[in-house]
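Subject: A structure for you to look through

Hi there,

I am handing over the structure we talked about, and I hope you enjoy exploring it. Please open it beside this email and follow along as you read.

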Amino acid sequence: MSSQSYLQKPPLTLNPSILSPSRSSPASFQINLFQSHQKPTQNKLNGCKNSCSSLLPAAVKGGSSSGILSAIGRAIEEEEEYRKARAEVHKKSVDLEGYSVEGISIGGHETCVVVPQLKAAFDIGRCPSRAVHQNFLFITHAHLDHIGGLPMYVATRGLYSLKPPTIFVPPCIKEDVEKLFDIHRAMSNVELNLDLVALDIGETYEMRNDLVVRPFKTHHVIPSQGYVVYSVRKKLRKQYMHLKGKQIEKLKKSGVEITDTILCPEVAFTGDTKSDFFLDPRNADALRAKILITEVKPFAFSNHMMHLYEISLKATFLDECVTVEHARDHGHTHLFEILEHAQWIRSKAVILTHFSPRYNIEDIRQAVSRLQSKVSAKVIALTEGFKSKYS
Ligand SMILES: [Zn+2]
Ligand SMILES: [Zn+2]
């Protein structure tokens with residue numbers, strides 16, 4: 001069952017018995033009034049009245065003071081909470097720092113993160129429909145969970161008569177990607193139009209006159225790179241800051257360059273990488289981008305494990321499956337390593353991605369709260385496609 005369906009519940013039902021919200025699953029509860037064999041005691045009613053009277057909605061308040069009405073009030077409130085939770089799960093995007101970010105990222109299955117304001121998608125493991133309308137696609141590396149949807153992305157844009165996309169790849173895979181499209185053209189006898197750009201680390205590409213992108217080095221088991229998208233701003237040069245508007249205007253008209261061009265890192269996407277990328281000073285812009293989208297391998301937390309972590313960061317931490325060494329051997333970043341390097345994160349928001357499908361939403365939320373306790377950035381995880389333990 002997908003995360004979208006885990007909160008599905010039957011409609012609110014009113015039965016003649018005591019209100020009994022089910023705690024076994026937040027996704028389902030029933031209102032039962034007047035259970036014939038179990039009459040509520042006066043104490044229960046009083047307790048309910050005292051503790052819940054403030055929860056009664058206005059329409060119920062002021063009526064009978066019986067516990068039944070309190071119970072109905074509580075039920076309505078829980079129904080409201082449920083609706084909010086469901087809306088959160090169904091919500092496709094998160095709004096952060098002026099950007100809405102959406103996507104799906106399940107380690108080994110598919111990663112595709114979309115930022116519509118930038119008209120950009122990062123990686124394309126499969127081809128979610130929301131990616132199709134993004135003009136720019138940034139590929140971090142050639143593992144299929146990051147590149148598998150590439151031909152469909154190009155073909156679907158052709159189908160919708162959208163302009164050929166601009167697709168950025170690490171230079172070392174450009175030739176193979178061209179061959180891949182040649183094979184698809186030959187097999188399917190369709191035009192597949194795209195602008196393929198091999199963009200190397202240190203190079204800059206102008207996406208718009210106010211937006212540029214630069215790749216940065218990441219460390220995976222095959223060649224890989226991340227991307228930082230920058231906004232381009234003009235700032236009045238220091239030596240002219242004391243001048244008045246008319247004087248500045250005059251200088252400008254005389255042809256003097258009065259502004260400096262400033263690049264502000266807006267969104268950084270790492271793709272798969274070992275934690276080494278945190279320590280490379282050349283990656284500072286990624287770590288101070290307003291939004292840092294990075295990967296993590298967490299594990300099911302226990303207090304014992306956290307105790308081990310807190311007494312020695314150098315220890316090897318055994319989980320049932322994932323240790324720091326295991327994560328490094330597979331070119332990934334362990335949650336402990338992010339915690340260790342959290343001091344270098346200057347971003348306003350961090351989006352965690354690429355969780356293994358064996359984790360549930362509750363495990364992921366724990367990972368988020370552990371990192372949240374270490375950074376001032378707002379920490380969020382992409383959980384679309386993950387199950388809840390309440391599923
Ligand atoms: Zn991956
Ligand atoms: Zn990979």
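Below is what was found in it, from the whole protein down to single residues.

First, some housekeeping. This is a predicted model, in which local features need pLDDT of at least 70, side-chain atom pairs count only at pLDDT 80 or more, and totals for chains, interfaces and linings use all residues. Residues are numbered from 1 along each chain as its sequence is written, while chains are lettered from A and ligands numbered from 1 in the order in which they are written.

**The whole protein**

The protein has twelve helices and 16 strands. Both are DSSP runs numbered from the N terminus: helices are H or I with at least four residues, and strands are E with at least two. Of its 391 residues, 34% count as buried. A residue is buried if 20 or more other C-beta atoms lie within 10 Å of its own, exposed if 12 or fewer, and partly exposed in between, with C-beta atoms placed from the backbone. Two residues are in contact if those C-beta atoms lie within 7 Å. Among contacts with a separation of 6 or more, 58% are between residues 24 or more positions apart.

**One sheet: β3 to β9**

An open sheet of seven strands runs in the order β3-β4-β5-β6-β7-β8-β9, with mixed pairing. Two strands pair if DSSP finds at least two bridges between them. At the edges are β3 (93–96) and β9 (195–198), each of which pairs on one side only. From one strand to the next, the twist averages 20°. Such angles run from 0 to 180 degrees between N-to-C directions, and axes are lines fitted to C-alpha atoms, for helices over the stretch in contact. Helix α6 packs on this sheet, touching β8 (166–169) and β9, and its direction makes about 160° with that of β9. Strand β4 (residues 99–106) runs antiparallel to β3, joined by four bridges; in β4, S100 is the bridge partner of D95.

**Another sheet: β10 to β16**

A further open sheet of seven strands has the order β10-β11-β12-β13-β14-β15-β16, again with mixed pairing. Its edge strands, β10 (205–208) and β16 (378–381), each pair on one side only. Neighbouring strands here are turned by 30° against each other on average, direction ignored. Helix α12 (residues 361–372) packs on the sheet, touching β15 (349–353) and β16, and makes about 165° with the direction of β16. Together, β15, α12 and β16 make a right-handed β-α-β unit. Right-handed here says that, with the strands pointing away from the viewer, the path from the first strand over the helix to the second runs clockwise.

Strand β15 is worth a slow look. Five of its five residues are buried: A349, I351 and T353 on one side, and V350 and L352 on the other. In a regular strand the side chains alternate between the two faces of the sheet. Strand β14 (residues 291–295) is parallel to β15, with five bridges joining them, and I293 has I351 as its bridge partner. On β15's link to β16, four bridges join the parallel pair, with V350 partnered by V379.

**Core, helix and loop**

The largest nonpolar core has 69 residues, and those with the most contacts inside it are I124, F138, V228, I291, L292 and V350. Such a core is a set of buried Ala, Val, Leu, Ile, Met, Phe, Trp, Tyr and Cys residues joined through C-beta atoms within 7 Å. Leaving aside neighbours within four places in sequence, the contacts of I291 include L96, Y99, V267 and I351.

In helix α5 (residues 150–159), the buried residues are L150, P151, Y153, V154 and R157. They lie on the same side of α5 because they cover an arc of only 165° around the axis, the arc being that of the directions from the helix axis to the C-beta atoms. Among the elements covering them are α3 (129–132) and β7 (136–138).

Finally, is W344 buried or partly exposed? With 15 C-beta neighbours inside 10 Å, W344 counts as partly exposed. You will find W344 in the loop between α11 (335–341) and β15. Leaving aside neighbours within four places in sequence, W344 is in contact with F278 and L287.

Happy exploring!
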